[in-house]
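The following exercises concern a single protein chain. Each task is followed by a solution worked step by step.

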Amino acid sequence: RHIAEALEVPFGFSAHAADLWLRGNRLEPEELGALGQHPLCKTVAVIGSRHRDYMVWCGVPEEKIIVTPNCVARSHLPPPVPRSGKSLRTVVTVGRPVAKKGYYTAVDAVRMLRLRGLAVELEVIGGADTSAPQGQAFAEYARQFDFVRAEGMLPNHEVLERIARADALVASCMVAENGDSDGIPTVLPEAMLLRVPVVATDVGSISDLVVDRETGFLCRAGDAAALAQKLNELNTVVQDRGPLENLLEAAARRAGRHDVAASINVLVAHLEKALGRI
């Protein structure tokens, strides 16, 4: 803003994670509203509907807001792996070692499934990064369970290969005590484009992407029993090739909105319209 004012040129900004939700680190609602109302501000980019609605309530003019989801480069994805069509065996979750990822909820959900006789194993990639205090604590917790494989950060290509081989991807996101929250984890559109079924929680703008029983399964955040129920529903679906293919096809189509080219085109069109009013 200061540079734009000094040069008398338009500016835009984006906000989607800690800058919105993390108390003590975020831009407060009054600041966001003032920034969006600035006469030189021409565009405010957000990744989803919850973020758009929050900006509106902060006072940002609706006509300046553009939804451009976080992007996936399809050319970097490995080939999809054919689904077995039997039952859930390996469920994977991916992310940094932070509370908002909800790893403990994922473990509890899988424990409940195993109590019902479903032999599911959970892979946690990134959550047991021992260079971070929360990662070290989770690594110690995960060692109690022989069905949990928890590890630290891995190269991106290896993470994508693990996702492609899994029977499902879980995003058990939650709102942390400090307000920190996910927007739309990039692993969700990656998994959907890899034709891996997803189960997620209703945090941030995840529901823009994961529509319950249409493009995946969605449940309440922080509720292990609800997550277990959705995984159990998915287990029923994967045993029937027809419904599974319909789910995966719908998921891939919806995740196409997160393609790099698609998102850039939306942003360019918005900027051309906004800058044309100068």
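**Exercise 1.** What percentage of the 278 residues in the chain is buried?

*Solution.* The model is predicted, local features need pLDDT of at least 70 and side-chain atom pairs pLDDT 80 or more, while totals for chains, interfaces and linings use all residues. Residues are numbered from 1 along each chain, and side-chain values use heavy atoms, without hydrogens and water. Buried means under 20% relative accessible area, with a 1.4 Å probe and protein chains only. Buried residues account for 53% of the 278 residues.

**Exercise 2.** Determine how helix α5 and helix α9 pack.

*Solution.* Step 1: α5 (residues 103-115) and α9 (residues 224-238) pack at about 55°, with axes 8 Å apart; axes are lines fitted to C-alpha atoms over the stretch in contact, and angles run from 0 to 180 degrees between N-to-C directions. Step 2: α5 is therefore oblique to α9, since angles under 35 degrees count as roughly parallel, over 145 as roughly antiparallel, 65 to 115 as roughly perpendicular and the rest as oblique. Step 3: among the residues that meet are Met112 and Leu113 in α5 and Leu227 and Leu231 in α9, where contact means heavy atoms within 4.5 Å. Step 4: the residues of this contact comprise 9 nonpolar, 2 polar and 1 charged.

**Exercise 3.** Locate lysine 86 and identify its contacts beyond four places in sequence.

*Solution.* Step 1: lysine 86 belongs to the loop between β3 (65-67) and β4 (90-94). Step 2: apart from neighbours within four places in sequence, lysine 86 contacts Val238 and Gln239. Step 3: the C-alpha atoms of lysine 86 and valine 238 are separated by 6.4 Å, although the two residues are 152 residues apart along the chain.

Methods: Helices (H or I, at least four residues) and strands (E, at least two) are DSSP runs, numbered from the N terminus. Ala, Val, Leu, Ile, Met, Phe, Trp, Tyr, Cys and Pro count as nonpolar, Asp, Glu, Lys and Arg as charged, and the others, Gly among them, as polar. Buried means under 20% relative accessible area, exposed over 50%, partly exposed in between (1.4 Å probe, protein chains only).
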